[in-house]
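Me: I would like to go through this structure step by step. Could you show it to me first?

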2 protein chains.
Amino acid sequence: MNRLRLSFSTLGVDAVLVSHLPNILYLCGFSGSAGLLLVDESRATLFTDSRYTFQAREEVHGARVHIAKHGLLRAAGEELKRRRRRRAVAYATSHATVAQKQALDAVVRGKVRWVSDDNAVEKLRAVKDADEIARMRAAALLISDVFRKVLPVIRPGISELDVAAEIEYGIKHGGGSGPSFDTIVACGPRSAWAHARPTSKLLGKSELVVLDQGAILKNYCSDMTRTVFLGRASARVRRMYQAVLQAQEAAKRSIRPGVKAGEVDRAARRTLKRFGLASYFTHSTGHGLGIEVHEMPRLGKGEETVLQEGMVVTVEPGVYLEGLGGIRIEDDVVVTAQGAVDLTTAPRDFLEL
Amino acid sequence: MNRLRLSFSTLGVDAVLVSHLPNILYLCGFSGSAGLLLVDESRATLFTDSRYTFQAREEVHGARVHIAKHGLLRAAGEELKRRRRRRAVAYATSHATVAQKQALDAVVRGKVRWVSDDNAVEKLRAVKDADEIARMRAAALLISDVFRKVLPVIRPGISELDVAAEIEYGIKHGGGSGPSFDTIVACGPRSAWAHARPTSKLLGKSELVVLDQGAILKNYCSDMTRTVFLGRASARVRRMYQAVLQAQEAAKRSIRPGVKAGEVDRAARRTLKRFGLASYFTHSTGHGLGIEVHEMPRLGKGEETVLQEGMVVTVEPGVYLEGLGGIRIEDDVVVTAQGAVDLTTAPRDFLEL
């Protein structure tokens, strides 16, 4: 919260109204599903509703708790209106809906000058401290262990959904509060859908299987993809796998403080181009990871964000050929002065099961 | 899509730009995580990105697919700008963020007059057709079966997380694509947190356990809560349970086409008041359910929405006493000419395990 207050002068504001729940969790520890956090120069107020009376009392630090009777926007708006002078308040244009903004304006009636928060909290969150990195390492180890344990059931005849169920069971059984996103298990031609949802389709012989999975542990996410083959793969598929793996390694090697995010993406694409596969890589190379599974920075084409020590990002090149299937390999790495350090530990060799 | 077009004249528009993903799924079948659907008087266009090229081809009906290279908002905005005359277009102020609206405005530059969509798609979705109700019945049966199967493991010594893991495993193993929300398993005093997330805390003897769980099956949600006691409950706890059960039954009895949603909430509160427990009922009585786990209508205090045949709602009164714990009983019901018909089937008797 104090680091956020340091950005008040840059933003030209006296307060920030935080509506995005992961930002609220980051700033004051509240994990409920309804909250608004008003951070003033000298104090902070969390607005929530009566469902969270006990929970807020237990979780919230650094802010007083206001249980709103008639909606959080109205309570926060009335608090802002009560101030003696007109104030400049930052808010997240990328999270507040047009309707929320209209409802707030109807309460504050010109008493507030609204300013875009320019992702102030997200920028703080992009750089993790030692405690956060320790949590993320634990979340990454958890998903790596789960993958190792589930490997024996990944065989022809089991459904995509059943494999996903095993993975998600493993996450919770291992102490995670749940998957960090809907687990992807996609076999055969469906593996070419970069974001396929698992179905009751049975895994078949001589098929690629993409498994994209992550755990939330103590509020922090992991996100890891492995691709395996059921049976003996053709030379073409093996070569594709090696191309993706080399692209991933090149991307990891390019990571160090001071490098632009777009450079990492370029390193992966350059390798795939050597294999004639660049046009089949249809998404960006990675993304920040933390309380949310997608955070700043994005490792995409031309991204200008400069990597800093303590950032945690995924590195996940992939190639997708309609009809044949897809291959993606994804790890979570932390940016250190010595370069990228892997947090995920599951084997990256080509597994023919 | 044609039912949506019938609302164009009421809204005073020539088109609706749909951004909320569940609305897009409802209207054209696309289940990806990035989409914008422009519904014109005579045609419709789904904008998505290259990750979804194959998936969109397979899933989308009633709309052509446009794979956007430079962002969906830009692609949709350019499509709108291309029209000969200035048009009125409805959009969801309750879903579009201020930043998205600003980005769209920067592209269309005054060529569009924006109008609030007044929840046009959500209103269509609130009333389910026979196929939707069949799916919802299947999703409700699935979660009821899962609860029955998991009952034997709900014993002192197992952790909240492990019970949640068993439930979510059961959902996927039963063919569901996953839980419809993060499963709640909360024991002892934590059961008084209406929305507690499961922890590694072990279930103890003589504790209340609230289990709130739901499944997504063929894109439709179920949502069911049961509360059990580990051991023999005190007379006070048993009386609390009977109060909640009677409140739920009163609420269900009040449901029929033509009744206001607020009446159902009042029926539950009236019963709890008779038991002196009304002040411990800290949330509303229920909510609509469908593609999303929270939909229209809300069954809350003073809600004016009139119930219609084909609506599907939860009925879930609860009481929460700090220190002692909470009790909630929740079923999914469909509104028929004959009144509320239960979709969830798990036992509602007080289970002392």
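Me: Which strands does helix α8 of chain A lie across?
Reply: Helix α8 (residues 130–150) of chain A lies across β10 and β11 of chain A, and runs at about 140° to β10(A). Contact here requires that the C-beta atoms of two residues, placed from the backbone, lie within 7 Å. Axes are lines fitted to C-alpha atoms, for helices over the stretch in contact, and angles run from 0 to 180 degrees between N-to-C directions. Helices (H or I, at least four residues) and strands (E, at least two) are DSSP runs, numbered from the N terminus.

Me: Before we go on, where do the model and the numbering come from?
Reply: This is a predicted model, in which local features need pLDDT of at least 70 and side-chain atom pairs count only at pLDDT 80 or more, while totals for chains, interfaces and linings use all residues. Residues are numbered from 1 along each chain as its sequence is written, and chains are lettered from A and ligands numbered from 1 in the order in which they are written.

Me: Back to β10(A). What is the order of the strands in its sheet?
Reply: The order is β7-β10-β11 (chain A), an open sheet of three strands with antiparallel pairing. Two strands pair if DSSP finds at least two bridges between them. The edge strands, β7 (178–179) and β11 (220–221) of chain A, each pair on one side only.

Me: How many bridges join β7(A) to β10(A)?
Reply: Two bridges join β7(A) to β10 (residues 215–217) of chain A. In β10(A), I216(A) is the bridge partner of G178(A).

Me: What holds strands together in general?
Reply: Strands of a sheet pair through backbone hydrogen bonds, either parallel or antiparallel.

Me: How do β2(A) and β3(A) run, parallel or antiparallel?
Reply: Strand β2 (residues 36–40) and strand β3 (residues 44–48) of chain A run antiparallel and are joined by four bridges. V39(A) stands opposite A44(A) in β3(A).

Me: Next, the largest nonpolar core. Which residues touch the most other members?
Reply: L37(A) and L37(B) do, among the 228 residues of that core. A nonpolar core is a set of buried Ala, Val, Leu, Ile, Met, Phe, Trp, Tyr and Cys residues joined through C-beta atoms within 7 Å. Buried residues have 20 or more other C-beta atoms within 10 Å of their own.

Me: What is L37(A) in contact with?
Reply: Leaving aside neighbours within four places in sequence, its contacts include V18(A), I24(A), A44(A) and L46(A).

Me: How are the two chains related?
Reply: Chain A can be laid on chain B with an RMSD of 0.0 Å by a turn of 180° and a shift of 0.0 Å along the axis. The two copies are thus related as by a two-fold rotation axis. Copies are superposed by least squares on the C-alpha atoms of residues with pLDDT of at least 70 in both.

Me: How many residues does the contact take from each chain?
Reply: It takes 39 residues from chain A and 39 residues from chain B. The largest share of chain A's side, eight residues, comes from α9(A).

Terms used: Buried ≥ 20, exposed ≤ 12 C-beta atoms within 10 Å, placed from the backbone.
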